[in-house]
Amino acid sequence: MRFEMTCPAPLRERTIQLAHGGGGRLMRELIEHVFLPAFDSAPLSTRHDGAVVRLGGASLAFTTDTYVVHPRFFPGGDIGKLSVYGTVNDLAMTGARPAYLSAGFIVEEGLPIGELQQIALSMRAAADACGVELVTGDTKVVDRGKGDGLFINTAGIGVVPEGVVIAPRRVRPGDAVLVSGDVGRHGIAVLSVREALAFEEPVESDCAPVQGLAAALIDAGFDVHCLRDPTRGGLAAVLNEIALDAGVHVEVEEAQIPVEPAVLGACELLGLDPLYVACEGRLVAFLPEAQTERALASLRDHPLGRGAARIGRIVGDGKGSVVLRTRLGTRRTLDLLSGEQLPRIC
């Protein structure tokens, strides 16, 4: 009898670093070496923002996310609003119509009850705006100094319309890459409060629900191959994840990527790349090139999609890479970050 054993390449780090949660290379390695082997399943292997499962003849999307943003209140939002919109957005990226959420609270001893109440009311208002219900939850209190105030976990379920299949595996050469608006605002807004930075022009988070944008594309009958919201790791991380998971090469045009002047100025001042800075109210869509103009028109008809732009295309099969054509006409590789630009922005 022949016995074979395979061993994955060792992890770069022996202990958890902040960068393991940043949406970059270390986070991908952690998922591949620790979580996928332990929790191997067909839905998990799709590597999407949520799992799509069949139950009682219906296709249901299921997702979960945990929010540790610091500070808890920032220009344009707070941890409560973020925890609802973030999970609703992940459901929408699977093509689902979000329906129900759960909420788990890890509260540190000493947090003012008035602040917790304010956050809970913010969550309720966000859920109402999304047309979803918060139907179950849990609360745990930890010792003073052990929880940084408040962490929130939300999980959500939604219904995927019959015939809708949106997943990284469907991305193919010839697809166009669209983004629904300017990128990088959320990360800079959070950083401005955390570090008490006063920019010449204030930056407000784009924190918002994008299920209306996703529905606009799906309901209009576009052949949407994949959707992603560029949160941790920003636009560059999304492009790399799709390139790796779909086995394609992506080429994007720097001049076509919308970035607000205030965000660009802040990034230049701080030595950051806006393409790696998180958004919380944007989606990236991959669909056939021939449908680009009509899809952009549909996105721009929505209040959150007025800045929608075509930023690139899928140029071929391969092991997965992303190339940026700069404003100067040169080309540079957009890779996954190995470190962490901005920790705890969601």
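Strands β2 (residues 58–67) and β7 (residues 150–160) run antiparallel and are joined by 9 bridges. Strands here are DSSP runs of E with at least two residues, helices are runs of H or I with at least four, and both are numbered from the N terminus; two strands count as paired if DSSP finds at least two bridges between them. This is a predicted model, in which local features need pLDDT of at least 70 and side-chain atom pairs count only at pLDDT 80 or more, while totals for chains, interfaces and linings use all residues. Residues are numbered from 1 along each chain as its sequence is written, and side-chain values use heavy atoms, with hydrogens and water left out.

Strand β2 also pairs with β1 (residues 51–55), again antiparallel, through 5 bridges. Here L55 stands opposite A58 of β2. The two strands form a hairpin with 2 residues between them, and G56 in the turn has a positive phi of about 60 degrees. In a regular strand the side chains alternate between the two faces of the sheet. The covered face of β2 carries S59, A61, T63, D65 and Y67, whereas A58, L60, F62, T64 and T66 lie on the uncovered one.

Attention now turns to charged side chains. With a salt bridge taken as a side-chain nitrogen of Lys or Arg within 4 Å of a carboxyl oxygen of Asp or Glu, the count comes to 22. One of them joins D128 and R124 (3.2 Å, N to O); both residues lie in helix α4 (residues 113–130), 4 residues apart, about one turn of the helix. On the accessibility scale (buried under 20% relative accessible area, exposed over 50%, partly exposed in between; 1.4 Å probe, protein chains only), D128 is partly exposed at 48% and R124 is exposed at 53%.

Another salt bridge links R170 and D223 (2.9 Å, N to O). R170 lies in the loop between β7 and β8 (175–179) and D223 in the loop between α6 (211–219) and β9 (226–228), so the pair ties together parts that are 53 residues apart in sequence. R170 is buried at 19%, while D223 is partly exposed at 29%.

R228 and E241 likewise meet in a salt bridge (2.8 Å, N to O). Because R228 lies in strand β9 and E241 in helix α7 (residues 234–246), this pair ties together parts 13 residues apart in sequence. R228 is buried at 3%, and E241 is partly exposed at 22%. Finally, R28, E32, R47 and D245 are linked in a network of salt bridges.
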